[in-house]
Amino acid sequence: SRGARLNLVPGGFSRDNVQSGGSLLLTDSQGRFNLAPDESITRVIAASAQGYAKASPAALAADPTLILQPWGRLEGAYLSGGEGVASSELLFQYGQGTLDTFSCDFTAYRVKTDREGRFAFSKVPPGKHKLLRVITDKASGTSSWSNDHPLMEVVIRPGETTLVTIGGSNYCVVARLKWPAELNPGTNAPIFAFIHVTPWLTPPPGTVNNPQA
């Protein structure tokens, strides 16, 4: 893709955003590869069963060698009110989740918590990434929709296991909606609720209706 060129992508990485055949290359028997000059390349990323590496074109011009780092592992527990949350779907998101570069495969990096709320991603790339919760609901009949909700940032170190706890504060929020008498949303209306731990930001005076601002 524009932001990253991959030379070997195992099953855990998505090919959806690779825009041309030249963006996805395989090394030869000696581990070598060739990239044509392209100013749109911002990263060169290598991945194999043995490990993962990335570098900028400038760094490769100075030293044309990528040293693979061992994959990391992510383990944790998902709690609510001090109890493990079972059967919650979690998604590992590569980097900041920028759609115009490349990302983790949605299926390979999606897990469910067990009966005690525990989960594990056995092979994840080193670096700073995000953990999301996948919320799926049926729209009607056999159709369904899903939304991804950010939970936390995670830092993965090469060859190490990162341990995290979601909901460790033991707070449990229960809300009951009371509809006005004149409003009847029906039995199948989807309801969304959001909790913000910081106040909403207020734009400075004079900027709301100012296109230049």
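A strand here is a DSSP run of E with at least two residues, numbered from the N terminus, and the legends below describe close-up views of a predicted model.

View 1. Strand β11, which spans residues 161–166, contains Thr-162. With a relative accessible area of 13%, Thr-162 counts as buried, because buried means under 20% relative accessible area. The side chain of Thr-162 comes to 3.1 Å from the backbone oxygen of Val-155. When neighbours within four places in sequence are left aside, the residues in contact with Thr-162 are Arg-73, Leu-74, Glu-75, Val-155, Ile-156 and Arg-157.

**View 2. The hairpin of strands β2 and β3.** Strand β2 (residues 44–48) pairs with β3 in the antiparallel sense, over five bridges, and the two strands form a hairpin with two residues between them. Within this pairing, Ser-48 has Gly-51 of β3 as its bridge partner. Strand β3 (residues 51–55) is mostly covered, since four of its five residues are buried.

**View 3. The two faces of strand β2.** In a regular strand, side chains alternate between the two faces of the sheet. For β2, one side carries Val-44, Ala-46 and Ser-48 while the other carries Ile-45 and Ala-47, and both faces are covered, as all of these residues are buried. Five of the five residues of β2 are buried, so the strand is largely enclosed by the rest of the structure.

**View 4. The largest nonpolar core.** This core has 21 residues, of which Leu-74, Leu-90, Phe-92, Phe-119 and Phe-121 touch the most other members. Two or more residues come from each of the elements β2, β4 (72–80), β6 (89–93), β8 (118–124), β10 (143–156) and β11. Among these contributors, β8 gives the most to the core, with three residues.

View 5. Phe-121, one of the residues that touch the most other members of the largest nonpolar core, is shown with its contacts. Apart from neighbours within four places in sequence, Phe-121 is in contact with Arg-73, Leu-74, Leu-90, Leu-91, Phe-92, Tyr-109, Arg-110, Val-111 and Leu-131.

Methods:
Residues numbered from 1 in each chain as written. Predicted model: local features only at pLDDT ≥ 70, side-chain atom pairs only at ≥ 80, totals over all residues. Heavy atoms only, no water. Buried < 20%, exposed > 50% of the residue type's maximum accessible area, 1.4 Å probe, protein only. Polar contact = N/O pair within 3.5 Å; in protein donor to acceptor, adjacent residues only side chain to side chain. Contact = heavy atoms within 4.5 Å. Pairing = 2+ DSSP bridges. Core = buried A, V, L, I, M, F, W, Y, C linked by side-chain atoms within 4.5 Å.
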